[in-house]
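Colleague: Can you walk me through this one? I'd like the folds and the contacts.

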Amino acid sequence: MNSLLSATEKRFGVGRQQLFIAFLVLPSFVILSGVVFYPFVYNVVLSLGNMNLNRIRDWELIGFRQYVKIFTEPGQPDFYSVFLKTIIWTGVNIVFHVALGVFLALVLNQRLKGKSVFRTVLILPWAIPQYIVALTWRGLFNYEYGAINLIITKYLNLPAVEWLRSPTEAFIACILTNVWLGFPFMMVVALGALQSIPHELYEAADIDGARWHHKLRRITLPLIRPVMVPAITLGVIWTFNNLNIVWLVSNTGEPSDNTHILVSFVFKAAFNFYSFSYASALSMIIFVILLAFTLIFLTKSRATEAAY
Amino acid sequence: MRMIFCIGAMLGILAGCSPPKSDENRVVIWHQMRPDEQNVLQRQLKRYMESKPGVTVVDLYKETETLRSAYIVASIAGQGPDLVHGPSDPIGIYEATRTIQPLENHLNSDFLTDFDSSAILWYRGHLYQIADKIGNHLALLYNKKFLQRPPTTEKELIEVSKIIQDRHGYTAGRPNVYGLSWNYIEPFFFIPFYTGFGGWVLGPDGVTPTLDNPSMVRALGFIRELRDKHKIVPNEADYEIADALFKDEKTAMLINGDWSWAGYLQGGIDLGVAPLPMITETGKWCAPMTSPKGYSLNVNIDEKKIPLVLDVLRFLLSRENQLETARELTTAPTRKSVYREPEIVQNEILKNSLLQIRRGRSMPVVPEMRAVWDAMRPGYQAVMGGALTAEEAAKQMQRLAVRKIREMNE
């Protein structure tokens, strides 16, 4: 073994230390290759092919035809309208997740009686499996027997809403469910960041006569930013790719495939329509969109600079 | 020494990642059976395992859509269960993806003689499925607490529904008991109306969709009228809602399939099952799609394991087990000899179920049917949601079906 290492050392100019590190890294590299790199490369190749139900075993490469089809052929649903819905879905969700999360974190960061109870209750949506949440909310949105319409009609004297029958309302129903599900994550992250801000800063601000909104703008928000920016980035990626809620609340994109976001449409294209290559091309487009967003957002927000 | 330890540990980790070896004494069945069906299956499998020490048979439930897609994906990857159980409609897709294998070389003709011809599914010259139940069909279920005699025409259906609704009163403008309910989401539940108005999903060639025609427009218009004009069906209903309404005695009649009947009986509903009514305008019965429901053999099974898998299959299809299943689930058996049993002959639900099967139409198993379902679903939902007129929906269904079939064959 020693002679082998010496030979490697001489040949490649690497020391025992580096070799040892390489051996430690190798298992994770092999596993990552199997579960990330290989599927990714396979997906790229598949997106350039024509794999569908009839060509599932003897598909061939056809170039960029699937990509051209996505951008030029009006589909059911159409790519551009689904993309727009995905942007709205992600934007609205993230705004509410962050706003609600930070607000509740600020409240919980105060001296409050029964704080631990509130904290536990507020984290509950996050602790319940998404499938259960989605199906429960679907029941709540039922036109005649759902609790939401019962409250609207009985206590607010307003007309019942066709939550799951009309495209816009069904989409709003999905967003409401995901807002409920997603704010605890941002709350927990923000709370952690708030607790790390030194009290001396607030004391100094108090001496200077700063009011609460000055402290929020000049101390709290700048100091939680390094933590919140990566959390928001993650939140955008998760929300953009959140299949479960749309799929289960709208029952596979109902009504009439009008509530799809890109990722649910990819799933439908692959596993309901068996258009595997089309779905792969669509998922590559999603990947590029999210990669571009992450790079731009992290650069513009200078999150890493602030952190280090 | 440290280096050797690391390499050893690494190899150990990698060894843990290798795929498990196929167990020759373990048979796996994937199915989409409902809980009461599962109970019967598991009891039968338990008896089998007791009679064959050392053999394990595992059954695994998957939701209908998941079963189909998961099976295809698993089988293409060289994995999957030994037997897949379900309705016959995905057989065309399984054949196209070469994920199931022909059964004719494994089961001799003596064994097959006793089976009803509709239970043995031949497709493109091969036997791909052998059924333990036939029908898998919709019928008109009614609660005898609300009506003693089921309606036989659509006019009677509307009339009797209104009487029941008026008799039980209204709360905030909503009937306390609806006349009729069914699933507005899945087009499978719409087919009886379409056939009642004289339509059928595929043309004479068996592969061309026929969804844009006066029958479709009339059928879609009719179901809209049931809700918006006659107000005898709920405003919104998927499978679960319709099912819950019937169980809670909030709907007098329900359109549902044979898989659900045993559950209602066990739930204490005074259940009646009747064939779906006739549409007087056309003089045609509302004909549901019928299909066998049975087992297919995974293409990946090891040659050495096939005899054991077939032994399990023969056991599950045995006369005794079929009788037990029919008795407990009131589903139509597939062995002709079982039909002569007194408990089958004298069972009113089974008698009406068999009549409904005779009035039904076989579900096409061609892969194009997949495109037809996917094309019908948005239009059907849009009509019930008020987003499209019947004419627009019919046009959209046809256009989508043609496009999906073209894409499928690209």
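Modeller: Here are some notes on chain A, then on one strand of chain B. This is a predicted model: local features need pLDDT of at least 70, side-chain atom pairs count only at pLDDT 80 or more, and totals for chains, interfaces and linings use all residues. Residues are numbered from 1 along each chain as its sequence is written, with chains lettered from A and ligands numbered from 1 in the order in which they are written.

Colleague: How many helices and strands does chain A have?

Modeller: Chain A has 14 helices and zero strands. Both are DSSP runs, numbered from the N terminus: helices are H or I, at least four residues, and strands are E, at least two.

Colleague: Why is chain A called more spread out than a compact globule?

Modeller: Its radius of gyration is 25 Å, well over the 19 Å that the globule rule gives for 308 residues. That radius is taken over C-alpha atoms, and the rule is 2.2 Å times the number of residues to the power 0.38.

Colleague: What does the C-alpha trace of chain A span?

Modeller: About 75 × 60 × 30 Å along its principal axes.

Colleague: Switching to chain B. Is strand 11 enclosed or open?

Modeller: Strand 11 of chain B (residues 251–257) is largely enclosed by the rest of the structure, because seven of its seven residues are buried. Buried means 20 or more other C-beta atoms within 10 Å of the residue's own, with C-beta atoms placed from the backbone.

Colleague: Which strands pair with strand 11 of chain B?

Modeller: Strand 7 of chain B (residues 138–143) pairs with it in the antiparallel sense over five bridges. There, Leu138(B) stands opposite Gly257(B). Strand 10 of chain B (residues 178–181) pairs with strand 11 in the parallel sense over three bridges. Tyr178(B) stands opposite Thr251(B). Pairing needs at least two DSSP bridges between the strands.

How values were computed. Buried ≥ 20, exposed ≤ 12 C-beta atoms within 10 Å, placed from the backbone.
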